Amino acid sequence: MARQHARTLWYDRPKYVFMEFCVEDSTDVHVLIEDHRIVFSCKNPDGVEFYNEIEFYAKVNCKDSRDKRSGRSITCFVRKWKEKVAWPRLTKEDIKPVWLSVDFDNWRDWEGDEEVELAQVEHYAEDDSDSADATSN
């Protein structure tokens with residue numbers, strides 16, 4: 001069975017770029033974040049393989065980036081190398097793949113947005129510890 005691209009939503013913040021790979025009930029999830037790209041792969045319950053490789057618009061800090069899996073998707077928060085610099089697009093190339101869309105539900109102007117962004121990242125981090133606690137019980 002051939003691989004296909006996962007539908008991907010993204011939005012930009014002052015310190016992070018957020019991406020959501022939309023695959024429900026994913027298994028065999030692999031996320032590799034490097035300075036200039038992200039490689040994502042997984043399978044869905046039907047055994048369909050998903051694979052996305054994205055060359056970033058600009059350099060990122062892979063050591064301060066993370067991902068979180070939920071039942072509906074895999075969210076990645078990628079730390080920008082140059083903070084407070086808006087990305088006009090996610091990809092290095094000025095070509096928009098059909099599977100990549102702006103997440104307009106989360107897109108907003110940055111004015112005073114750093115506290116909201118930090119709270120979002122901390123919320124995801126807390127969810128990680130909650131899920132770890134739940135699995136250890």
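1. E20 stands opposite T75 in strand 7, where strands are DSSP runs of E, at least two residues long and numbered from the N terminus. Strand 2 and strand 7 pair in the antiparallel sense over 6 bridges, two strands being paired if DSSP finds at least two bridges between them.

2. This is a predicted model, in which local features need pLDDT of at least 70 and side-chain atom pairs count only at pLDDT 80 or more, while totals for chains, interfaces and linings use all residues. Residues are numbered from 1 along each chain as its sequence is written, and side-chain values use heavy atoms, with hydrogens and water left out.

3. Strand 2 also pairs with strand 1 (residues 7–12), again antiparallel, over 6 bridges, and F21 in strand 2 is the bridge partner of T8. These strands form a hairpin with 3 residues between them. Strand 2 is mostly covered, as 5 of its 7 residues are buried (under 20% relative accessible area, with a 1.4 Å probe and protein chains only).

4. Strand 3 (residues 27–33) runs antiparallel to strand 4, to which 5 bridges join it, and L32 stands opposite V39 in strand 4. Strand 3 and strand 4 form a hairpin with 3 residues between them.

5. Leaving aside residues up to four places away in sequence, I38 touches M19, F21, V31, L32, I33, N52, E53, I54, F56 and C76, contact meaning heavy atoms within 4.5 Å.

Conventions. Helix = DSSP H or I, 4+ residues; strand = E, 2+ residues; numbered from the N terminus. Buried < 20%, exposed > 50% of the residue type's maximum accessible area, 1.4 Å probe, protein only.
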